[in-house]
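The following questions and answers work through one protein model, moving from the chain as a whole to single side chains.

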Amino acid sequence: MPNLLTVFRMVLIPIFVSLLFYQRFVWALFVFVTAGVTDGLDGLLARRFDQQSQLGTILDPIADKLMLVTAFIVLSMKGVFHPPLPKHLPIPFWVTVAVISRDVFIIVGAAAINIMTGFRGFKPSWLGKLNTTVQIVAITLIMFAASFPAGSGYYLPTLYLSVFTLAVLSGAHYVFFVSRLMNEERRQAPSTTR
């Protein structure tokens, strides 16, 4: 069941993009919130009924990242919004680049470390979790501003700066976090082989 919910969340992505493209922001917001609810629900069900699986461990973060990255890319396009453009929209390009670059940096870095050292103990850091939470809140508030543009966009510049700053900081923090995990694994290795 948790894996089915994750797959359902991935199926929602093209629906979400289509709704954004046709400027149905309220419906897109509803789909985005639905995806968030199913994300929490699949984790809860997996823990509650002990249905955690290797496939779910891989698919769950992929579904999350696909939804977020897709949202940032589409909401960075001017053509998605009715002319005249709402204030502070679309999302500035530098924000989207920071979001995508962080994820690519982490994926490529993790793959390189795994190939060179065989290390697989990658875990999300607290700053990484905060970064994802802020991005989810940001997309929700951006779509809210697009749905109800009158006087609602004043908070967007602060939101953009927060997303950018957290993307950069959490990407840099992940380097130190993973190196600490690798050092801990090295220290534990001799004691387990005795």
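Q: What is the accessible surface of the protein chain, and what percentage of it belongs to carbon and sulfur atoms?
A: Accessible areas here come from the Shrake-Rupley method with a 1.4 Å probe, and for residues only the protein chains shown count as cover. On that basis the accessible surface of the protein chain comes to about 11,500 Å², and the part belonging to carbon and sulfur atoms is 72%.

Q: Which conventions apply to the model and its numbering?
A: This is a predicted model, in which local features need pLDDT of at least 70 and side-chain atom pairs count only at pLDDT 80 or more, whereas totals for chains, interfaces and linings use all residues. Side-chain values use heavy atoms, with hydrogens and water left out, and residues are numbered from 1 along each chain as its sequence is written.

Q: How many helices and strands does the protein chain have?
A: Helices (H or I, at least four residues) and strands (E, at least two) are DSSP runs, numbered from the N terminus. From that end, the elements run α-α-α-α-α-α. The totals are therefore six helices and zero strands.

Q: Is Ile 15 buried, partly exposed or exposed?
A: Ile 15 is found in helix α1 (residues 2-21). Buried means under 20% relative accessible area, exposed over 50%, and partly exposed in between (1.4 Å probe, protein chains only). The relative accessibility of Ile 15 is 41%, so this residue counts as partly exposed.

Q: What is the geometry of the aromatic pair of Phe 25 and Phe 81?
A: Rings of Phe, Tyr and Trp (its six-membered ring) pair if their centres lie within 6.5 Å, and planes under 30 degrees apart count as stacked, over 60 as edge-to-face and the rest as tilted. A search of the whole structure finds six aromatic pairs. In the one between Phe 25 and Phe 81, the centres are 5.5 Å apart with 15 degrees between the planes, and the pair is stacked.

Q: Where in the chain do Phe 25 and Phe 81 lie, and how many residues apart are they?
A: Both Phe 25 and Phe 81 are buried. Phe 25 belongs to helix α2 (residues 25-48), while Phe 81 sits in the loop between α3 (54-74) and α4 (93-117), and the two are 56 residues apart.
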